[in-house]
Amino acid sequence: MTRARGLLWIAVASLRADRRGALVNAAAACLGAAALVFFLALGLGVSRAAQRMFPADARLVEVVPGAVALGGVLGGGKLDADAAARLAALPGVAAVYPRVSLRVPVAAPGPPNGLAYNWPPGMVLQIPVVGVAPELVAADVKPGLAFADPGPGSDKPIPVMLSRRLLEIYDKTIAPAWGVRRLPPGLSVVGLQLPVKIGFSIVPQKTEDRVYEARLELVGLSDRVPIYMLAMPLATVRRLHGEYGKADQGYTQVSVLARRPGDVPAVTAAVRRMGFSVDEGERATAERVGTVVVVTTGALVFLAVAMCALAALAIAQSLSASVRGRTREIAVLEALGASPRDVRRIVLAEGAIVGLAGGIAGALLAALLAALADRAALSLLPDFPFRPDTFFALPGWLAALGVAVPAVAAVLGALAPAAAAARVDPARTLS
């Protein structure tokens, strides 16, 4: 331990003797580390923002009727209970959840209770509704509330669910367009009730012969609800279709839940072989965005690693020159009892110290640049939906990586100079 401490003291003393060279080498390592941390943090932050914008479930496959029906020759055609059973029997499928679009018009002539200040006077809102299986969104229902059909003639409100992203779109797009106030920060809209007229349509000649008033109660927010529709229990949609004499047209869509994300490609291929189509919508968008982020981040990280490699070469050249200039000092050390291994360790320690110092400075510089970039982005970019508070993600492992990579690169760059220093012959040098 004492010997190692002495060798480290010698390495530090050597760096102090050549402050200018040590600072130049540390600056090179700092730039490489800063680029590495900055670009990786940007890639992680943008990827996180994309996941918020397109929260595609990695295990869900959205099945819709085929664009071309072949009369059931391939088993496709209408999405009904039999088709859902065949889908459920596919290898790798854990469950299926049917969806049915409501074909009875629903309109809101007034605001939800407690939000009258945000409702434009005289506005009637037509509401698109889809019926979903309660099991699909069960995890997103607020405790104490239920997502189940209240039944015919019940005075209970009809439970509904919204996409949680719709609130962001309302605050950033709809509210400014309508000239109304945004939802107050921290306000929970779950539990609000909205008076509606079932059977009423703002489209001429689309209102049903029977129109009655009801109430909708928001029981939860879910990423499994379409962003442009309100979700009701599937049983409620079927009941309303029966009340208004709407013919059964099968399911609009069936959500197939794979057992594992790795089963999705096989399930998708099997669904298409059955004659159905797959609505990849947001999944495809999320995958495209993810691919762009990964490729761009990979290219920038490659550039940062190349900068670290150049820093290693600069350190190697600087230490080689330093070793040539300190030949007599190295010979004296060996004459006083230092072994070639000790000399090698001293030079490698010099490289490690320079790399560590540059890495720490680079990680701090990257964090500072990320904070400045966030501040500039927030002041220059408009307040669009899903705009993140930060475009960077700086987990602890990333800072450690930013310190470790230039340190390792510096040690690798010091290998050749260390080997050269260990080969110094004290007898020949001092003679």
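**Close-up 1. Arg239 and Asp149 form a salt bridge, with their closest N and O atoms 3.0 Å apart.** A salt bridge here is a side-chain nitrogen of Lys or Arg within 4 Å of a carboxyl oxygen of Asp or Glu. Arg239 sits in helix H6 (residues 234–243) and Asp149 in the loop between helix H4 (134–137) and strand E6 (158–163), so this pair ties together parts that are 90 residues apart in sequence. Helices (H or I, at least four residues) and strands (E, at least two) are DSSP runs, numbered from the N terminus. Arg239 is buried, at 15% relative accessible area, while Asp149 is partly exposed, at 26%. Buried means under 20% relative accessible area, exposed means over 50%, and partly exposed lies in between (1.4 Å probe, protein chains only).

As you look around, remember that this is a predicted model: local features need pLDDT of at least 70, side-chain atom pairs count only at pLDDT 80 or more, and totals for chains, interfaces and linings use all residues. Residues are numbered from 1 along each chain as its sequence is written, and side-chain values use heavy atoms, with hydrogens and water left out.

**Close-up 2. Glu243 and Arg210 meet through their side chains in a salt bridge (3.7 Å, N to O).** Glu243 belongs to helix H6 and Arg210 to the loop between E7 and E8, so the two tie together parts that are 33 residues apart in sequence. Glu243 is partly exposed, with a relative accessible area of 32%, and Arg210 is partly exposed too, at 43%. Now step back: a network of salt bridges links Asp149, Arg210, Arg239 and Glu243.

**Close-up 3. Asp263 pairs with Arg260 in a salt bridge (3.1 Å, N to O).** Asp263 is buried, at 14% relative accessible area. A search of the whole structure finds 8 salt bridges.

**Close-up 4. Gln205 has a positive phi of about 65°, although it is not a glycine.** Most residues other than glycine have a negative phi. You can find Gln205 in the loop between strand E7 (193–198) and strand E8 (212–222). At 84% relative accessibility, Gln205 counts as exposed.

**Close-up 5. Leu44, Trp397 and Leu401 make a nonpolar surface patch.** Together they have about 270 Å² of accessible area, calculated by the Shrake-Rupley method with a 1.4 Å probe; for residues, only the protein chains shown count as cover. Patches are made of residues with over 30% relative accessible area and no salt bridge; like charges are joined within 9 Å, and nonpolar side chains (Val, Leu, Ile, Met, Phe, Trp, Tyr) within 5 Å. Leu401 lies in helix H11 (residues 396–422) and is partly exposed, at 31% relative accessible area.
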